[in-house]
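Work through the exercises below with the sequence and the 3D view at hand. Try each task before reading its solution.

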Amino acid sequence: MKLQRAELQQQMQQVEDAVAEALAIAGKLGATSAECSISKSSGISVGTRMGEVETVEFNQDGALGISVYRDHQKGSASTTDLSSEAIHAAVKKACEIAKHTSADEFNGLAPQALMAGDIPELDLCHPGDQSPEYAIEQALRCERHALSLDKRIVNSDGAQYGSHTGFKVYGNSHGFLGGYLQSRHNLGCVLIAEQDGKMQRDMSYTVARKTDELEQAEKVAEDAASETLSRLGARKIDTAKVPVIFRADVAGSLFGHLVAAISGGNLYRKSSFLLDALDTQILPEWLTIHEDPLIVGGLASSPFDNEGLATQARDIIKDGVLQTYLLTSYAARKLNRQPTGHAGGIHNWRMTHSDKTLQQLCQQMGTGLLVTELMGQGVNLVNGDYSRGAGGFWVENGEIQYPVEEITIAGNLKDMLANIVEIGGDVDKRHALHTGSVLLDELRIAGV
């Protein structure tokens, strides 16, 4: 069962008509301005456990959200029913709510001049087979193969396969009305291994817009098994101050804190360690972060943001210097700046990296800690203090010696970002932010 593009296109056109209707009703009911959006998705999710089917879920989500403004008062409502009567009722409710909200001078639509014009085709939608038979086969192939690989793999938290297609539509009373199709497919597996009475758990997964770009089920299983088995025999280590490598699959979290620190909400609330950091050096001079929302087929590509603003390629950080904040229209007005097209998040961040493998980075580090797991939320964005539980591997003379667990790594994000030594070429491409493993000069490790 595959939802064809033509059918999706027809559904999107019907939703665009509903959005246009909602905006027209808002005008008739006296709204100064209005905006309306819907992200609709349908598909299947299958879960298996210990080689047996555990769940089969058919998903269909998507509610029409309408926000109206009466001068600077805002009211919002939503409906999953796209009949004319339901849309009229939702808009009327939003208008009534707006009458009773406090005025906020920063409320309103994004600037009309910055709305997206022509919407490029970014090839973001590739429907896959969403039949239960196919989805079950993928999950079972993955998990059963994983369970057969090593007798130390004694249990499983299951394999999951998902395939979803849909579209996003946004319109506002500036006259903007646009939409685009999208798809997403994923397969993952979580395993539990035992040795000497002690258990370890780890996983692997793959995600893509096209099903034929997913890793094969057997490859996901083998990666999950390798990750899990490598953790067996984990030890505690002494407290120390040493160089640290964040492996590529966890290094994204380091830059995720950077995203939060330069995002408008934290800036206008004055809850960021990078207040007033625009045009200052926050990363090493060799490091540039480039964003390109218009990459054809990109996992985080988008021709416009959640406010209808045109997205554009730009350097977020150039030669270590912060070039822009990430601002919605509300945050931009609060900060007396222009919005940047980041309502809804970042788009395809790429950063300067070497061609070094993880093994070569370990050799460059010499002796230190390779982090492959992070736990807890010990990050203070106000002052940059960083302290999180971690697991990984102890490295000596450039070679991995043994797995480690039950440790805490600590530092300050401002120093950590400024003192990145190198980024490897082992880039993890499963997220909006592509990075290789990151070598930091030194962090505090609290062990035994």
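**Exercise 1. Find which residues have the most contacts inside the largest nonpolar core.**

Solution. Start with the size: the largest nonpolar core has 53 residues. A nonpolar core is a set of buried Ala, Val, Leu, Ile, Met, Phe, Trp, Tyr and Cys residues joined through side-chain atoms within 4.5 Å. Buried means under 20% relative accessible area, exposed over 50%, partly exposed in between (1.4 Å probe, protein chains only). Phe-246, Phe-255, Leu-258 and Trp-349 have the most contacts inside this core. Next, look at helix 5 (residues 248-261), which gives the most to this core, with seven residues. Helices (H or I, at least four residues) and strands (E, at least two) are DSSP runs, numbered from the N terminus.

Last, locate the second, separate core: its 27 residues include Val-15, Cys-36, Ala-77 and Ala-98.

A note on the model: it is predicted, local features need pLDDT of at least 70, side-chain atom pairs count only at pLDDT 80 or more, and totals for chains, interfaces and linings use all residues. Residues are numbered from 1 along each chain as its sequence is written, and side-chain values use heavy atoms, with hydrogens and water left out.

**Exercise 2. Describe the largest pocket and its lining.**

Solution. First, the volume: about 1,100 Å³. A volume is the space filled by probe spheres set on the grid points, which are joined across faces, edges and corners. A pocket, on a 1 Å grid over the protein atoms alone with a 1.4 Å probe, is an open set of points with protein on both sides within 12 Å along at least five of seven lines; lining residues have an atom within 4 Å of a point.

Second, the lining: 40 residues, with Ser-204, Tyr-205, Asp-249, Asp-428 and Arg-430 nearest the centre. Strand 7 gives the most, eight residues.

Third, the classes: 14 nonpolar, seven polar and 19 charged residues. Here Ala, Val, Leu, Ile, Met, Phe, Trp, Tyr, Cys and Pro count as nonpolar, Asp, Glu, Lys and Arg as charged, and the others, Gly among them, as polar.
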